[in-house]
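Please keep the sequence and the coordinates at hand while reading.

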Amino acid sequence: MKDIATRGIKQLWLMGGAKLAHSFYQLGYIDECQIFIMPKKLHEGIALLPAIVEGQHMKFVQEIKWPSGVIQKLYKK
């Protein structure tokens, strides 16, 4: 991340699981979170970052319901 910052890059799309996102959040690198809820559940599902997006750290900004049934939620710090 330090190398990326020295290159002047200000936005980065982080794709991965909750553990990866949580580690970046703890280091202060995440200020926006977009969560996509799929219309079909796979097994028991995977918990995302409730302490970050549902707690005091991130604020709900917008929800978009797509024709496919996907729900997109936007949270910002």
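The report below covers salt bridges, an aromatic pair and the surroundings of one glutamine.

## Model and overview

This is a predicted model. Searching the whole structure turns up four salt bridges. The structure also holds two aromatic pairs.

## Bridge at the start of the chain

R7 pairs with D3 in a salt bridge. The closest N and O atoms of R7 and D3 are 3.0 Å apart. The two partners fall into separate accessibility classes. R7 is exposed, because its relative accessibility of 60% is over 50%. D3 has a relative accessible area of 45% and is partly exposed.

## Bridge between strands β1 and β3

E32 and K76 join their side chains in a salt bridge, with 3.6 Å from N to O. E32 belongs to strand β1, residues 32-37, and K76 to strand β3, residues 71-76, so this pair ties together parts that are 44 residues apart in sequence.

How accessible is E32? E32 is partly exposed, with a relative accessible area of 36%. For K76, the relative accessible area is 36%, and K76 is partly exposed.

E63 and K65 form a salt bridge through their side chains, at 3.9 Å from N to O. That value still qualifies, because the cut-off for a salt bridge is 4 Å. E63 is partly exposed at 34% relative accessible area. K65 counts as exposed, at 62% relative accessibility.

The structure has two aromatic pairs. One of them is F60 with Y75, in an edge-to-face arrangement. The ring centres of F60 and Y75 are 5.6 Å apart, and the planes make an angle of 65 degrees. The pair counts as edge-to-face because that angle is over 60 degrees.

F60 sits in strand β2, residues 59-65, and Y75 in strand β3, so the pair ties together parts that are 15 residues apart in sequence. Is Y75 buried or exposed? Y75 is buried, with 9% relative accessible area. F60 is partly exposed, at 41% relative accessibility.

## Around Q72

Q72 is in strand β3. I35 is in strand β1. In sequence, I35 and Q72 are 37 residues apart; in space, their C-alpha atoms are 5.7 Å apart. Q72 is buried, with a relative accessible area of 12%. I35 is buried too, and its relative accessible area is 12%. Both count as buried because the limit is under 20%.

What does the side chain of Q72 make a polar contact with? The partner is the side chain of W66, at 3.0 Å. Leaving out residues up to four places away in sequence, Q72 touches Q34, I35, F36, Q62, E63, I64 and W66.

## Strand β3 in summary

Several of these contacts involve strand β3. K76 in β3 bridges to E32 in β1. Y75 in β3 pairs with F60 in β2.

Definitions and conventions. Residues numbered from 1 in each chain as written. Predicted model: local features only at pLDDT ≥ 70, side-chain atom pairs only at ≥ 80, totals over all residues. Heavy atoms only, no water. Buried < 20%, exposed > 50% of the residue type's maximum accessible area, 1.4 Å probe, protein only. Helix = DSSP H or I, 4+ residues; strand = E, 2+ residues; numbered from the N terminus. Phe/Tyr/Trp six-rings, centres within 6.5 Å; stacked < 30°, edge-to-face > 60°. Polar contact = N/O pair within 3.5 Å; in protein donor to acceptor, adjacent residues only side chain to side chain. Contact = heavy atoms within 4.5 Å.
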